[in-house]
Amino acid sequence: MDDSKINSDIFLECNWGDVASTLSESYDYQRADIISAQLGKSESPEKKRVCVLLQKVFSMRLKPESINAPFEPLFINYETQKRTAIIDDFSNNELEFLYEILVHIEDPWSEARLNDILWLCHKPRNPDFARVAISSYISSDISSLKWIQEQEKEWERAARLCLQLREIDQLSVIISRVVSEIRNDSDDSKFMALRLAKFLLKLKIARDHYQHIAEILTTNAVSLKQEKDFYSSRAYYELAEKMYDIVGDKELWVKCLVNCAEVYELDGDERNIDSHMGANSFYERALQAYRKVPKKYRIEYGIDEILKRLQQKLTISGQETIDNMGTFALPPIDIKDIAEKAISHVSGKPDPQLALLYFVGVNQISEYSKLESDAKEMLSQFSFRSLIGSTQMSNDGRVVAKSPSIPLNSNASDNALAVYNQMLSNFNLGLQFTCDAAILPSLNRIVQEFRITRDFLEAVCFHSPIVPSDRVKLVASALWFGFEYEFGIAIHLICPQVEHMIRVKLKNNGESTSTVDPNGIETENGLSSLMDNPKIDEIFGKDLAFELRAVFTESLGSNLRNEAAHGLLSDDSTNSYAAIYAWWLSLRLVLHAMVK
């Protein structure tokens with residue numbers, strides 16, 4: 001690479017004024033191409049060197065939050081480990097060229113960029129470069145269109161330079177102009193005052209103005225609420241709330257909290273006309289917002305009564321959401337051959353014990369690694385669901401679980417929570433197929449060929465190491481009701497007994513299964529907490545541990561343990577595919593413990 005001195009006179013041939021006017025109205029990713037189009041056609045090697053250098057200078061992306069590296073590469077190729085220019089790429093000869101052409105630069109935008117680079121790179125450092133850069137960055141009038149393009153970044157860079165150099169006078173100019181713009185609120189954009197206030201808050205400057213700015217934000221929030229622009233109103237209330245909190249005005253801070261919560265409720269009421277699901281979501285947010293109000297203000301604002309009213313709205317809208325949900329049918333799948341194989345698998349056995357051993361083998365436990373790889377593949381294909389997230393509701397309309405959305409700029413398959421939730425979703429979808437194609441057909445054949453008695457199952461449980469000796473009758477009864485097709489009764493007996501089996505296994509492996517409170521009262525942990533123990537995967541194997549969680553404890557799964565414990569299972573849900581599978585899985589636990 002030629003690093004000889006560049007003749008600055010070449011710059012005078014570039015008609016830079018015409019180029020600069022185009023650059024200042026463009027985005028950083030366009031600027032290298034613009035410079036190339038206007039300057040790169042010359043056959044002169046010197047002029048081409050100037051063109052390449054100016055591309056480096058003006059294509060860098062401004063990153064104002066960084067003091068020492070405020071310019072970042074426009075593109076990075078992580079595979080080839082190549083990138084576009086950064087501030088450290090400039091040679092001494094290139095910096096000397098930039099210094100020499102400063103006298104020929106007339107537009108503020110180019111002047112700001114060159115002086116900022118020289119401030120960062122010139123040795124010894126000269127604060128005059130930074131001072132000129134500050135003045136140039138803030139030379140144009142504030143406007144909403146420019147602000148959302150690059151003006152905010154330029155003003156932030158100017159403000160941070162002022163803070164770094166303790167340029168109080170220039171910082172005062174920045175504050176004065178921003179505050180004046182907020183007060184006048186002359187811009188057509190309804191969000192401009194909000195953006196400018198956020199700018200001050202981000203930089204932690206102009207604190208003396210926060211009280212007045214918060215009052216302006218509150219006034220805007222009230223107007224927007226009256227116009228039923230609830231989203232914008234909340235945004236203003238939330239920022240005013242932060243500013244009141246910083247200045248210590250607790251009364252107005254609480255008032256903003258209450259008003260913001262009220263806007264959530266009003267938004268829910270408005271949406272309830274057309275979308276009960278949308279309303280339900282906003283009622284939930286309103287509840288959360290009202291709960292932020294400190295206790296000492298709750299009587300004054302009647303928060304407890306409001307919470308009761310909201311809870312009722314939440315319940316009604318949730319139930320209406322369930323009632324109005326449509327159904328969709330997947331294309332039919334011919335399971336005849338699979339069902340026949342399952343029946344054949346358990347048929348003709350000489351005794352019921354052998355038949356049951358074959359019965360718990362009609363379906364293989366899900367392979368965790370396969371579920372994980374399938375989930376990653378589905379997410380990597382980018383689905384609409386992964387973009388917006390999902391909400392799971394119970395039969396009575398309660399929101400019982402949420403799966404987060406995945407940002408556009410992230411790799412969905414690298415999001416551990418998203419992958420796990422997708423695994424649960426895939427497992428849930430497979431339950432009906434497993435029950436209809438394997439478990440129920442083979443169960444029908446077994447009860448045709450054998451009479452499965454409670455006494456027989458008690459003998460099985462007695463010889464199974466996983467069943468505690470004082471639980472034989474309970475576990476046997478739970479299993480027996482399944483052979484009577486009374487899965488509703490079976491599941492209420494099975495859930496607590498499976499929990500106890502897991503607790504005993506953990507204790508036998510030296511793990512604590514209880515919690516002691518400050519008063520010395522010891523309480524046994526529930527199944528959800530037990531399943532969080534890292535030793536579970538080691539004791540039961542990762543595959544079986546996943547299924548136990550998916551069936552008994554996960555909110556995005558069947559969550560049968562918690563549903564049964566709190567009396568939330570209805571006649572229909574106790575005879576669901578999840579209940580049938582949980583019963584079969586429990587029988588499998590008991591029988592496999594005997595043969596290991």
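A206 sits in the loop between α9 and α10, in a model that is predicted. Its phi is positive, about 65°, although A206 is not a glycine. With 10% relative accessibility, A206 counts as buried (buried means under 20% relative accessible area, exposed over 50%, partly exposed in between, using a 1.4 Å probe and protein chains only).

Residues are numbered from 1 along each chain as its sequence is written, and side-chain values use heavy atoms, with hydrogens and water left out. In this predicted model, local features need pLDDT of at least 70 and side-chain atom pairs count only at pLDDT 80 or more, while totals for chains, interfaces and linings use all residues.

- Most residues other than glycine have a negative phi, and most peptide bonds are trans.
- K204 has a phi near 60°, which is positive in a residue other than glycine.
- K204 is found in the loop between α9 and α10, and it is exposed, with a relative accessible area of 73%.
- The peptide bond from K123 to P124 is cis, and its omega is near -5°.
- You can find P124 in the loop between α5 and α6, where α6 covers residues 127-137.

**Helix α2 and its buried side**

- Helix α2 covers residues 28-39, twelve residues in all, and spans 17 Å from its first C-alpha to its last, close to the 16 Å expected at 1.5 Å a residue (the expected span is 1.5 Å times one less than the number of residues).
- The buried residues of α2 are D28, R31, A32, I34, I35 and L39.
- They cover an arc of only 165° around the axis, which puts them on the same side of α2 (the arc is that of the directions from the helix axis to the C-beta atoms).
- These buried residues pack against α1 (16-23), α3 (45-59), β1 (61-62), α5 (108-121) and α7 (144-165).
- N15, in the segment before α1, is exposed, with a relative accessible area of 53%.
- The C-alpha atoms of N15 and Q38 are 9.2 Å apart, although 23 residues separate the two along the chain.

**Helices side by side**

- Two packed helices are described by the angle between their axes and the distance between the axes.
- The axes of α9 (residues 192-203) and α11 (residues 230-247) come within 11 Å and cross at roughly 30° (axes are lines fitted to C-alpha atoms, for helices over the stretch in contact, and angles run from 0 to 180 degrees between N-to-C directions).
- α9 and α11 are therefore roughly parallel to each other (angles under 35 degrees count as roughly parallel, over 145 as roughly antiparallel, 65 to 115 as roughly perpendicular and the rest as oblique).
- α9 passes α11 in a left-handed crossing (left-handed if the near helix is turned anticlockwise from the far one by less than a right angle, right-handed if clockwise).
- M192, A193, L194, A197, K198 and L201 of α9 make the contact with A235, Y236, L239, K242, M243 and I246 of α11 (contact means heavy atoms within 4.5 Å).
- For α10 and α12, the axes come within 12 Å and cross at roughly 20°.
- That makes α10 roughly parallel to α12, and their crossing is left-handed.
- On the α10 side, Q211, T218 and K225 meet L252, C256, N259, E262, V263 and L266 in α12.

- E265 lies in helix α12 (residues 250-271) and counts as buried at 5% relative accessibility.
- Leaving aside neighbours within four places in sequence, E265 is in contact with Y283, A286, Y290, I306, R309, L310 and K313.
- C435 belongs to helix α20 (residues 416-449) and counts as buried at 0% relative accessibility.
- Not counting residues up to four places away in sequence, C435 touches L440, P441, Y577, I580 and Y581.
- C435 and W584 are 149 residues apart in sequence, yet 9.4 Å apart in space, C-alpha to C-alpha.
- I365 is in the loop between α17 (352-359) and α18 (368-380), and it is buried, with a relative accessible area of 15%.
- From C-alpha to C-alpha, I365 and E547 are 7.6 Å apart in space, and 182 residues apart in sequence.
- Neighbours within four places in sequence aside, I365 is in contact with D543, L544, E547, Y581, W584, L585 and R588.

Note on methods. Helix = DSSP H or I, 4+ residues; strand = E, 2+ residues; numbered from the N terminus.
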